[in-house]
Amino acid sequence: MTVGLEHFLVLSAVLFSIGLYGALAKRNVVVILICIEIMLNAVNIALVAFSRYGHILTGQVFAIFIMVVAAAEVAIGLAIIIAIYRSRETVDVEKTDLMKW
Amino acid sequence: METGLTIAFWVLAVVSVASALAVVLLRDVFRAALFLVLCFFTVAGIYITLSADFLAVAQILIYVGAVAVLIIFAIMLTREAQRGSPSGRFRLPAFVLAVGFLITMVLVVTGTDWHVIKGIPNEPTTSSLAQTLFNEDGGYVLPFEIAAALLLAALIGAIVLVREK
């Protein structure tokens, strides 16, 4: 049984679902950020698989830009987490609900 | 060649899904971060099976080298590791939503007739990737410059956010 495009897309969907569950269900902000990274990786797998089986490199170019945005996002996200922890002494999303209506 | 690729894919897929599940299910945040590193490594391996050599190296450099170290630093600085990562109130709806999304995606992926081009992909991809990025007409030079500006803005923003007043 040879590995085809569908195998990579199903793997990507499984990883994305795991990340989605973690991002919605967890209370620790750092874990939520980790799960968002897993989701971005899953999307990258799908893009590279399309690039490989469609013989066009645009998918890999988009994967590079996703990596750039993920790096910027994690730097800003962790800076915000540390700023919140300094002022409120917690990283629990259910306790940092000041801006929630 | 083909069977080796198949075995590599299945091993990498099982390890990556298992480590992602460990990230979500483990209560210890620090161990979850270590399993995240394993997940990043296996995703780099999956890029290699997809013959994307440049992206595999970039994955290890950026995710394992930079993102994982930043996350472990954040876990240490927030001292929330001993409290673990409990699930919130939306655990059951999140589970239902994730499983529903997974079923939908698997049905769509297996039901679609993908237009797959047969043949061996060109390796190595680095030079052809650069030609795609910096093509004279219709390249990605402007997004590339915007990405550089975005990284600079993120750098300055992170410094401003965590600076001692």
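Hi everyone. Let me start with a cut-off: a residue counts as buried if 20 or more other C-beta atoms lie within 10 Å of its own, as exposed if 12 or fewer do, and as partly exposed in between. Keep that in mind while we look at this predicted model.

First stop, Ser51(B). This serine has 18 other C-beta atoms within 10 Å, so Ser51(B) is partly exposed. You'll find Ser51(B) in the loop between helix 2 and helix 3 of chain B, and its phi is positive, near 55°, in a residue other than glycine.

Now hop over to chain A. His55(A) is not a glycine either, and has a positive phi of about 55°. His55(A) sits in the loop between helix 2 (29-54) and helix 3 (58-88) of chain A. With 13 C-beta neighbours inside 10 Å, His55(A) counts as partly exposed.

On to where the chains meet. Chain B brings 70 residues to the contact and chain A brings 61. On the chain B side, the residues divide into 54 nonpolar, 13 polar and three charged.

Let's zoom in on one helix pair. How do helix 1 of chain A and helix 1 of chain B pack? Their axes are 9 Å apart, at an angle of about 10°, which makes the two helices roughly parallel. Among the residues making this contact are Leu11(A), Ile18(A) and Tyr21(A) from chain A, along with Phe9(B), Val17(B) and Leu21(B) from chain B.

Methods:
Residues are numbered from 1 along each chain as its sequence is written. Chains are lettered from A and ligands numbered from 1 in the order in which they are written. This is a predicted model: local features need pLDDT of at least 70, side-chain atom pairs count only at pLDDT 80 or more; totals for chains, interfaces and linings use all residues. Two residues are in contact if their C-beta atoms, placed from the backbone, lie within 7 Å. Ala, Val, Leu, Ile, Met, Phe, Trp, Tyr, Cys and Pro count as nonpolar, Asp, Glu, Lys and Arg as charged, and the others, Gly among them, as polar. Axes are lines fitted to C-alpha atoms, for helices over the stretch in contact, and angles run from 0 to 180 degrees between N-to-C directions. Helices (H or I, at least four residues) and strands (E, at least two) are DSSP runs, numbered from the N terminus. Angles under 35 degrees count as roughly parallel, over 145 as roughly antiparallel, 65 to 115 as roughly perpendicular and the rest as oblique.
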